[in-house]
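I hope they are handy.

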Amino acid sequence: MPELPEVETVRRTLEKSLLKKKINKIKVLYDGIIATNKKDFEKNIINQEFINITRYGKFIIFELTDFYLVSHLRMEGKFFIKKESDPIIKHEHIIFYLDDFTLRYHDTRKFGKMYLVKKDRLYLDTPLANIGIDPIIKELDTKYLKEKFNNSKHIKTLLLDQNIISGIGNIYADEILFSSQINPNKKGNKLSDNDINNIIKYTKEILNKAIKEKGTTIRSYTSSLGVYGNYQKYLKVHTKEGNPCPICGSIIIKTKVNGRGTYYCPNCQKGD
DNA sequence: ACCACCTCCTGATCGC
DNA sequence: TGCGATCAGGAGGTGG
């Protein structure tokens, strides 16, 4: 589920329980989640304390005593806090045993990844080595985007490119393009300065509002720790196929751009 | 270099 | 009801 606002919501929730807690033991029940060397991961994480929890794009960054534990939830990754005595349920793949409870990583589709990164290498090694600008943490500017968008890719595809802007996923890409009145198929190099300035403006506006609403919950996935968002109430085009556009009343269309389901208003977002 | 497609997985939903 | 096809909020990789 998670894009920037959902990940930020998870981060804020975890921050309340994990700081200063020590990892006494870990169980890795499905190896595929661990993207760095598993043996090193299991060895190095023991006795590490949670110093701080931050976020960059869609990554949750757990600052430990000597390492960063970097987690990407991909489609369905979730964290839960449970008592040690609670049974391990289906799809719980990593169990962190802390002093008085456990932190459990749950991921139905097993797409999520965790990385253990040396402390002085956070933005030099995978997965953050080439990460784009987080629009909440840093400031997007016209010149930067103009340069990155100066190619023939569709703007929807460019917005989803985490090496340009980090944190936007399929839902917010559709919403940002709708508010900016840009057709998702418009080529990057055809965007006007005004288009780019609108993208900057609405990216910030929409992501901030979504954070305030604790993210978007669509499709009835079980809500995860702290993630039962309300932003779905504010969606204007995403998942609104067949509904009237809130601006002009035209019927919202669903298509595919670069293989991703894409919703837009054919009247407000004319031309490609 | 680019883009359409495949892959990692599981489960819910859709169409017949 | 059953069963296969399709789809899902992500992203890396392949091959033409």
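1. Let me start with a pair of strands: β6 and β7 run antiparallel and are joined by five bridges. Helices (H or I, at least four residues) and strands (E, at least two) are DSSP runs numbered from the N terminus, and two strands pair if DSSP finds at least two bridges between them. The two form a hairpin, with four residues between them. Within this pairing, E92 sits opposite H106 of β7.

2. A word on the basis of all this. This is a predicted model, in which local features need pLDDT of at least 70 and side-chain atom pairs count only at pLDDT 80 or more, while totals for chains, interfaces and linings use all residues. Residues are numbered from 1 along each chain as its sequence is written, and chains are lettered from A and ligands numbered from 1 in the order in which they are written.

3. Four bridges link β1 to β6 in the antiparallel sense, and V28 has I94 in β6 as its bridge partner.

4. Is K90 buried or exposed? K90 counts as exposed because there are 6 C-beta neighbours inside 10 Å; the cut-offs, with C-beta atoms placed from the backbone, are 20 or more other C-beta atoms within 10 Å for buried, 12 or fewer for exposed, and partly exposed in between. The C-alpha atoms of K90 and D107 are 9.1 Å apart, although 17 residues separate the two along the chain.

5. Please look next at the other open sheet, whose four strands follow the order β2-β3-β4-β8 with antiparallel pairing. At the edges are β2 (50–56) and β8 (113–118), each pairing on one side only. The twist averages 20° from one strand to the next. Six bridges hold the antiparallel pair of β4 (residues 67–72) and β8, and Y68 stands opposite V117 in β8.

6. Helix α1 (residues 4–18) lies across β2 and β3 (59–64), at about 175° to β2. Its length agrees with expectation, because 15 residues at 1.5 Å a residue should span 21 Å and the end C-alpha atoms are 20 Å apart; the expected span is 1.5 Å times one less than the number of residues. Buried residues of α1 include V7, V10, L14 and L18. Their cover includes β2, β3, β5, β7 and α6 (193–212). Just after α1, K20 has a positive phi of about 70°.

7. Finally, the DNA. Which of the twelve residues around DNA strand B come nearest? They are T108, R109, K110, S152 and K153, where near means a C-beta atom, placed from the backbone, within 6 Å.

How values were computed
Axes fitted to C-alpha atoms, helices over the stretch in contact; angles between N-to-C directions. Contact = placed C-beta atoms within 7 Å.
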